[in-house]
Amino acid sequence: MRRAAWYALAALSLAAAHVDAQHIDVREDVDGRDEWFWSLRSFPSTQRPYDKVSELHQTLLDYLHRASAFTSASTAPLGGAWRSLGPFGLWVFQIESGRIAAILPPVAPGGAMYAGTASGGVWRSTDNGITWTPLTDNQCMLTTGAMARDPSNASLIYSATGEGNGGLPGCGVLRSADGGDSWTVSTQGIRSSNGGSGEFTKLVVDPATAGTGSSVILGATQFNNAGVVRSINAGATWTSTLKTGPVNGLVAHPTEVGTYYADDQAATPASARGVYRSTDVGATWTMLPALPITDATSIGRIELAVSKAAPNLLWALVGDRAAGGFLGLYRYDERTNAWTTLSAVGVTSAFGTQQNYDLAIAVDPRDTSKIFIAGVTGFFSTDGGATFQGWGKDVHSDWHVIVFDPTNPDIMWVGSDGGVYISTDAGATFTSRSAGLAITQFYPGVSVHPLGTRITGGSQDNGTHVFTGTPFWDNFVGADGGYTAINYKDPSVEWAETQWSIATKTVGNIFRRDATGVLVRRSSGISTTDRASFIPPLVMDPVNPAKLYFGTYRVFRTIDDGVTWTPITTDLTTGTGSITSIAISPADTNTIWVTTNDGRALVSRDAGTTFIAATGLPVRAVTRVSPHPTDPARALLTVSGFGTSHVFETTDAFGSPVKDITGNLVDAPANVAIYVPDADVILVGNDVGVFQTTDEALWTPGPTGLPNVIIQDLVYAPAIHLLVAGTYGRGMFAYDVGGSLAVLRGDASGDGKIDAFDALLIQQTLVGNAPAGTAVYPGGDANCNGNIDAADLLLVLRAAVGLSNGTACVGSKR
């Protein structure tokens with residue numbers, strides 16, 4: 001069955017499913033996440049390497065082309081392709097995906113629409129968001145900040161890479177003349193003061209010049225001294241015009257051709273902060289009268305809106321730079337050349353304190369009394385902004401986009417941290433249109449049960465996710481998930497954590513869930529005042545599942561299934577850092593490996609009593625250690641940052657300096673490396689994909705089929721020869737390593753025959769009620785498509801009663 005059929009069946013399947021699971025919601029910490037991400041890539045410097053990130057992605061496609069020239073059966077034994085596991089936006093209780101930065105609604109009923117995602121690229125839907133297709137997996141970057149469509153040609157699409165909502169700097173502006181089937185990229189002139197390409201928030205194509213080689217395009221960027229960028233040749237080259245500071249709001253006047261409004265939130269002096277107008281298509285800008293704000297230094301992010309119902313009016317939603325929340329809502333009238341403060345009574349603390357991350361406004365194009373604003377949550381007014389009430393309760397928190405359908409203003413589209421949402425009743429109710437959007441941003445700490453019955457991972461603002469072989473994922477805990485663990489003797493017992501954040505009071509949030517679905521917080525004994533990474537490591541002993549380890553700046557251990565924790569080390573960092581990874585050797589559980597974000601890698605051969613530090617590493621954050629499965633003295637180490645080597649190996653547990661095995665690998669932050677002994681290959685996951693080597697010198701891209709995305713984790717389950725990649729923006733992918741035994745397809749129970757019991761097991765798996773420890777995949781995959789789905793159930797039922805299934809693989813051994 002095609003995946004699209006799953007989405008049509010989603011409502012029925014959700015109604016049939018019943019999982020007694022608790023979900024604990026906690027706040028996210030946007031600033032903490034941002035600092036964690038960049039500190040790994042910048043250490044030992046305090047200057048974020050925006051320029052290096054842009055350069056990496058601008059040269060990526062050339063590097064991949066050169067490196068692929070070395071690909072052969074000997075240099076790249078892992079052939080074939082990855083397959084996406086999702087999440088496809090389908091959950092046991094809801095439909096959600098990940099962060100949306102831009103939405104282009106269809107310009108005509110049944111036409112193409114587009115969604116620009118935080119780090120999962122551009123997606124297209126031709127059925128009003130029912131199904132989606134990724135378009136930019138193989139482009140220079142998957143981070144999207146803004147999109148625009150040419151007003152005269154609906155197939156001419158622009159997508160600005162680099163995201164202003166806490167994302168990465170980009171590689172330029174992508175342009176497609178065929179609705180997204182193919183792309184070119186422009187980078188010339190898109191630069192900030194430190195050399196990085198912009199983080200975009202808005203993109204607008206001027207209608208007067210649209211559809212020509214001299215089309216004028218304006219973009220709002222977050223970088224200082226870039227501000228508004230302008231192209232007069234359809235995106236081929238760019239120049240900065242409003243240069244003084246970051247720009248978020250950028251809108252065209254509804255009726256006056258060539259007139260645009262933009263904001264400047266960081267001008268010096270502070271009196272220059274506010275809203276600017278251009279009457280020459282963005283070439284020059286003049287400040288409007290100052291916003292009626294007593295202290296201009298409090299002006300934070302500004303979002304702008306206009307309405308065709310009153311072309312003379314402009315609305316400005318302003319965030320509070322210091323407090324982070326709602327500062328005010330203001331309306332400018334060009335007839336009086338004056339601002340009016342709208343009282344906005346009813347905008348409560350639920351608006352949130354993340355104005356630099358989530359802020360959006362829209363005004364009804366038919367009726368200016370209807371104003372819609374949002375931060376963490378949404379509010380709407382029916383009296384022109386005098387009063388507001390809560391709005392959009394069906395929408396996931398952290399709103400980034402509110403846009404009206406151009407053909408029917410009763411249709412509204414919203415983009416948030418949970419995906420794409422549609423309202424067909426002028427905002428009264430919303431329905432998710434995220435099914436099929438595999439854009440989850442996973443963190444380090446993915447876990448795979450040895451038999452593949454469960455795969456878990458923590459994600460950005462969407463908690464911890466659980467894959468059981470169907471497109472319908474389960475999830476538990478909220479906010480930002482982190483490391484996970486699965487009890488390999490009882491896979492119904494799962495572990496998860498939330499971010500370590502003093503700001504959100506989520507330090508030491510470690511949870512255990514069992515078959516009853518009950519979540520229990522188990523972190524007694526872990527000091528909540530310790531320094532720790534935003535995503536602190538949590539790992540399970542490979543022999544005793546009741547023994548787990550947790551890292552702050554020191555290592556904690558539990559031997560009673562998390563009831564109590566005890567520190568087993570002192571500070572293992574240089575004195576200011578925190579632990580990034582812990583690993584226990586499966587060949588000798590007394591061998592404990594540790595890495596830190598301030599450049600250290602250590603090993604203990606006596607269960608944590610004493611440690612030896614590695615030598616030969618560059619002064620960079622060490623992101624991960626991965627022990628060899630059979631040799632306790634051997635391990636791989638990965639290093640973040642730029643300008644140094646990134647992958648190292650020890651074969652004598654630090655008896656000598658570590659060996660640099662980076663070879664020809666691209667200069668990109670490396671996040672994880674693992675051994676795959678079955679194929680005699682080493683894999684590394686870095687900020688641009690997965691690479692493999694057989695000789696620890698020559699690296700080639702692959703296996704194929706993986707987008708050019710940040711890889712946060714790689715996990716190999718040797719018993720089933722399954723490799724899993726956790727990506728930061730495109731969900732999880734799986735790869736079947738050669739050497740797996742053929743199984744009877746349709747035999748979900750593994751008893752050597754196909755009968756009604758196999759169909760029952762598949763049905764139970766589909767609704768989340770399969771018995772603990774049941775390994776339905778791969779035997780239950782009766783159509784050999786890599787997943788357990790409704791088609792498998794139908795095929796097995798037909799086979800069980802002796803009906804033909806044509807060319808389907810059910811009944812064969814594969």
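First, the basis of the work. This is a predicted model, in which local features need pLDDT of at least 70 and side-chain atom pairs count only at pLDDT 80 or more, while totals for chains, interfaces and linings use all residues. Residues are numbered from 1 along each chain as its sequence is written, and side-chain values use heavy atoms, with hydrogens and water left out.

The chain contains 7 helices and 56 strands; these are DSSP runs numbered from the N terminus, helices being H or I with at least four residues and strands E with at least two. Its radius of gyration is 26 Å, close to the 28 Å that the globule rule gives for 814 residues, so the chain is as compact as a globular protein of that length. That radius is taken over C-alpha atoms, and the rule is 2.2 Å times the number of residues to the power 0.38. Along its principal axes, the C-alpha trace spans about 80 × 65 × 55 Å.

Of the 814 residues, 62% are buried, meaning under 20% relative accessible area with a 1.4 Å probe, protein chains only.

Let us now consider strand E54, residues 711-717. Is this strand enclosed or open? With 7 of its 7 residues buried, E54 is largely enclosed by the rest of the structure. E54 pairs with strand E55, residues 722-727, in the antiparallel sense over 6 bridges; pairing requires that DSSP find at least two bridges between the strands. Alanine 717 stands opposite leucine 722 in E55. The hairpin has 4 residues between these strands, and histidine 721 takes a positive phi near 55°.

Which residues does glycine 258 contact? Leaving aside its neighbours within four places in sequence, they are Asp206, Ser278, Thr279, Asp280 and Val281, where contact means heavy atoms within 4.5 Å. Glycine 258 counts as buried, at 6% relative accessibility.

Finally, there is an open sheet of 4 strands in the order E2-E3-E4-E5, with antiparallel pairing. Strands E2 (100-104) and E5 (133-134) stand at the edges with a single partner strand each, so one side of each is left without a neighbour in the sheet. E5 pairs with strand E4, residues 121-125, over 2 bridges, and tryptophan 123 stands opposite proline 134 in E5.

Thank you for your attention.

How values were computed:
Buried means under 20% relative accessible area, exposed over 50%, partly exposed in between (1.4 Å probe, protein chains only).
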